[in-house]
Amino acid sequence: MDQVGTPGSPLIELRGVQKHFGGVQAVRNVDFMVPAGTITGLAGENGAGKSTLLKILAGLHQPDAGEVWYYGELQSGLTPASAKKAGIAYVAQELSLFEDLPVSENILIGQEPMRGPFVDRRRLLAEAQRVLDLVGSEIDPDMMVRDLAFADRQLVEIAKAMVGSPRVLVLDEPTSGLRQAEVARLIGLMKDLRQTGCSVVFITHRMGEFFEACDRMTILRDGTHIATVGIDEVTPGEVVDLMIGRQLTDAFPPPLQMEPDAPTGDALVLHDFSVHGTDVASVTVSLQRGEVLGIAGLAGNGQTELLEGLAGVRKAGGGYQVGSVAGPFRSVRAALKAGVALVPEDRKRHGLVLAMEVYRNLTLPVLRTLTRWGLVDRTREGGLVDDMIRTLQITPSDPRVAAESMSGGNQQKVVIGKTLLTEPDVYLLSDPTRGIDVKTKFEIYSLIRRLAASGKAVVLVSTDLAEITSLCSRVLVMASGRVVAELSGEQITEREITRASFAAVAA
Amino acid sequence: MRPVRTYLRREPSVPAAWAVLLVIVLIWLAGSSVSVLSVTIMIGQKVPLVLASIGAAIVIMSRGIDLSVGAVLTVVNTIIAAGTAAFGNSLAWIGVGLAVALVAGLVNGLCVAWLRLPPLIVTLAVQSILLGVALYVLPTPGGAVDAWLKDLPLVLVGPFPLMLLIVVAAPLLIWYPLRRSRFGTALLSSGADESAAYASGINVRRTVVSSYVLSALFAGLAGIVMSMNTGSGDPTIGVPFTMNTIAAAVVGGVSLAGGRGTIAGPIAGALVVSFIGNLLFSMGVNSYWQYVVTGAVLIVAIAIPAGLRAIRAGRQPS
């Protein structure tokens with residue numbers, strides 16, 4: 001092996017690392033190397049294991065198996081603090097700043113310059129100012145993080161990583177919230193670091209940034225290392241092909257014939273629809289009864305926010321018509337009344353009262369219709385619940401089991417059952433099959449087909465592209481809150497969707 | 001001027017608490033005759049709550065809660081009083097009392113940070129144990145303290161009564177260095193977001209344990225001052241303290257969700273909480289109305305900064 005520090009020798013090496021969360025294998029037996037003086041891009045679809053790999057590398061996750069080497073030395077019991085001390089600076093995708101501390105203290109947290117037993121305020125401010133200048137930020141280091149806009153917070157995170165002159169800078173989607181000038185500045189900073197023999201590893205949404213900044217790219221798919229290539233050896237199209245690979249398509253039920261008596265016509269019409277407090281704007285689309293509309297795009301580009309705006313979770317504006325009722329709706333209740341129901345993304349937080357029994361969870365939204373003289377009609381309730389458990393094949397079938405003791409897939413069925421009982425015309429499904437097994441997935445897909453055949457309209461947001469391409473008759477691709485492409489028929493392929501998602505470099 | 005303005009902008013609760021306090025004190029001064037002696041004694045009565053509230057606030061900043069504050073205070077008080085009555089030498093018994101307090105704080109902290117037990121129940125249990133110990137040490141009110149200890153509060157240091165100096169010095173000597181050391185940042189960050197603090201290289205467990213030990217230290221100091229004030233011990237003296245320390249912290253702008261707070265705030269909060277009683281008493285208000293008004297003033301005191309913050313948040317683009 002080469003000497004430490006000479007160009008090309010590895011600063012960091014991962015050997016055969018594995019990591020699983022619950023039943024999901026996030027990273028499978030991956031080898032990954034960071035040579036000195038390079039910028040490495042990490043590419044892959046949502047859930048390919050990119051972030052998990054970086055977290056293992058930076059000591060935030062302990063791998064289930066495999067080895068982490070820094071500078072040719074095997075590391076064990078790595079923590080964020082020891083990684084940082086070794087010169088590995090990591091910026092997480094989710095911001096980790098403290099809102100009620102000033103920018104300066106956030107930047108130097110855990111490594112404050114000391115004078116005797118006390119923090120040296122003057123040097124603290126000076127060092128904070130130095131790294132803020134490095135990333136080209138003009139924020140006052142005395143400001144509270146609470147008062148900063150999102151892009152500024154992102155810059156503070158990167159500035160924080162620059163403290164103590166790291167040898168390897170690890171950035172998980174650092175550019176997603178940044179303005180274009182700031183992105184250019186950041187790429188400049190990365191190249192400066194490379195000049196000094198340091199290395200950068202980064203993830204981005206935008207294909208263009210890989211080709212602008214990187215020397216080499218590593219592509220992951222389903223937690224597996226697919227390829228590591230020099231940037232001159234590939235084209236953006238080839239990278240996309242490597243990212244999606246071959247997918248199985250027989251995991252999906254075929255479309256059903258429309259029922260003869262199913263209602264037709266517009267189910268939902270949006271004109272210049274926008275969601276307050278998010279960048280979702282100018283969405284114009286009309287959705288037919290019996291149609292399954294897919295909303296695709298890279299995670300965090302406004303898909304969830306759009307659904308929440310439609311369902312009355314977030315305040316929204318613009319034209320919004322559901323049948324004869326005009327939106328936007330001021331509450332979830334109003335949306336339900338108009339026939340629009342959301343199956344939320346995070347079932348543990350928004351979908352279920354985990355400690356409560358299945359039947360109580362199922363009938364929670366329709367309790368009013370089951371109540372006579374202030375008392376719940378338990379006979380009618382029992383009938384509804386039994387029907388639903390049978391229709392959705394919920395197991396265990398005992399309605400008195402607490403929701404928290406069920407598997408994720410069955411919890412998700414209960415959430416969907418809850419929504420079915422309110423009998424909406426428009427179903428908003430936010431990643432309905434995340435983290436559940438193949439068999440349950442198939443059942444949920446069949447249910448979506450049945451809903452469509454009976455004249456309901458379905459809007460499906462999913463991070464699983466195969467799901468979108470197999471179930472949807474039309475697909476909107478979103479980037480930065482805007483619809484950047486509308487695909488239908490033959491155009492609906494993973495390749496096309498991925499191309500549209502990545503093509504949307506912020507204008 | 002800029003640091004002051006920055007500070008006011010950051011922590012609207014603190015000036016609000018001091019303003020409420022000022023109003024109460026002014027009304028009280030206008031309605032009663034005061035002398036240096038009566039003011040000194042008055043302040044002396046407030047010191048235990050002020051000290052205990054600082055400790056409680058530190059724990060709340062770490063997103064915990066300490067229900068054992070009043071019991072720690074009581075145990076220290078009864079150990080000093082019973083020990084001195086039996087064997088003399090209050091100074092030695094102050095040492096014993098503080099040692100017991102620190103052990104209690106350590107138990108709280110270890111249970112919360114290492115065993116991950118809920119702080120509400122851990123500190124409730126420790127409170128129960130300590131109250132039992134206090135009753136064993138001193139079954140009925142009584143005991144004694146050395147004469148020098150009893151006279152200490154009224155000793156003049158230059159023109160100032162010692163008590164007044166303790167009020168100023170304790171926070172300055174204990175809290176200010178902590179805030180200016182790494183501990184302050186570690187405390188607020190651990191309380192705000194434990195995993196983000198860990199990811200930033202903060203030793204979260206040690207920080208949380210330290211917060212409970214500090215709380216016990218401040219409660220122990222409060223117990224010593226209490227012994228000075230009363231010249232005796234009482235196994236039930238500290239019970240009403242616990243909830244008042246939490247009220248004082250919240251009135252002083254410490255967030256119960258953790259990660260947010262100062263020390264000037266809880267000091268003002270403690271003084272507000274205890275001066276309301278003085279004011280109402282000197283105005284001749286019925287004792288049952290005193291409870292009602294105290295509750296109402298507390299709600300107003302926390303509503304003002306909450307309102308200010310809401311207005312400020314409304315103006316800010318986010």
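Predicted model: local features only at pLDDT ≥ 70, side-chain atom pairs only at ≥ 80, totals over all residues.
Colleague: What span should helix H3 of chain B have?
Modeller: H3 of chain B runs over residues 36-61, which is 26 residues, so at 1.5 Å a residue it should span 38 Å. Its end C-alpha atoms are 36 Å apart, which agrees.

Colleague: Where does H3(B) bend?
Modeller: At B:Lys46, by about 35 degrees. A proline, B:Pro48, follows within four residues.

Colleague: What about just after H3(B)?
Modeller: There B:Arg63 takes a positive phi, about 65 degrees.

Colleague: Which residues does B:Val50 contact?
Modeller: Leaving aside neighbours within four places in sequence, B:Val50 is in contact with B:Val167, B:Ile267, B:Ala270 and B:Leu271. On distances, B:Val50 and B:Ala249 are 199 residues apart in sequence and 9.8 Å apart in space, C-alpha to C-alpha.

Colleague: What does B:Ala52 contact?
Modeller: With neighbours within four places in sequence left aside, its contacts are B:Val69, B:Leu73, B:Phe218, B:Ala219, B:Ala222, B:Phe241 and B:Thr245. B:Ala52 is also one of the residues with the most contacts inside the largest nonpolar core.

Colleague: How many residues does that largest nonpolar core have?
Modeller: It has 175 residues. Besides B:Ala52, those with the most contacts inside it are A:Tyr90, A:Val170, B:Val72, B:Ala101 and B:Val272. Helix H11 of chain B, residues 204-230, gives the most to this core, with 16 residues.

Colleague: How many residues are in the second core?
Modeller: The second core is separate and has 71 residues, including A:Ala338, A:Leu352, A:Leu476 and A:Ile497.

Colleague: OK, new topic: how many residues of chain B are in contact with chain A?
Modeller: 21 residues of chain B are in contact with 21 residues of chain A. On the chain B side, the elements giving two or more residues are helices H1 (2-10), H8 (162-180), H9 (182-192) and H10 (194-199).

Colleague: Which of those gives the most?
Modeller: H9(B), with 5 residues. The side of chain B that touches chain A divides into 8 nonpolar, 8 polar and 5 charged residues.

Colleague: Why would you call H9(B) largely enclosed?
Modeller: Because 10 of its 11 residues are buried. Among them are B:Arg182, B:Leu187, B:Leu188 and B:Ala192.

Colleague: What do the buried residues of H9(B) pack against?
Modeller: From chain A, helix H3 (103-107) and strand E8 (118-119); from chain B, helices H3, H8, H10 and H11.

Colleague: You mentioned H8. What does B:Leu164 touch?
Modeller: B:Leu164, which is found in helix H8 of chain B, touches B:Thr40 and B:Ile43, not counting residues up to four places away in sequence. B:Leu164 counts as partly exposed because it has 18 C-beta neighbours inside 10 Å. The C-alpha atoms of B:Leu164 and B:Leu256 are separated by 29 Å, and the two are 92 residues apart along the chain.

Colleague: Back to backbone angles. What is phi of B:Asn89?
Modeller: Near 60 degrees, a positive value in a residue other than glycine. B:Asn89 lies in the loop between helix H4 (69-87) and helix H5 (90-113) of chain B, and it counts as exposed because it has 11 C-beta neighbours inside 10 Å.

Colleague: And where is A:Asn29 found?
Modeller: A:Asn29 is in strand E2 of chain A, residues 24-35. Its phi is positive too, near 45 degrees. A:Asn29 is partly exposed, with 14 other C-beta atoms within 10 Å.

Colleague: Last one: how is chain A divided into domains?
Modeller: Into domain 1 (10-244) and domain 2 (347-423). Taken over C-alpha atoms, 43 Å separate their centres.

Definitions and conventions:
Residues numbered from 1 in each chain as written. Chains lettered and ligands numbered in written order. Contact = placed C-beta atoms within 7 Å. Nonpolar A, V, L, I, M, F, W, Y, C, P; charged D, E, K, R; others polar. Expected span 1.5 Å × (residues − 1). Bend = angle between axes of the 7 residues up to and from the residue. Domains from an automatic or database assignment. Core = buried A, V, L, I, M, F, W, Y, C linked by C-beta atoms within 7 Å. Buried ≥ 20, exposed ≤ 12 C-beta atoms within 10 Å, placed from the backbone.
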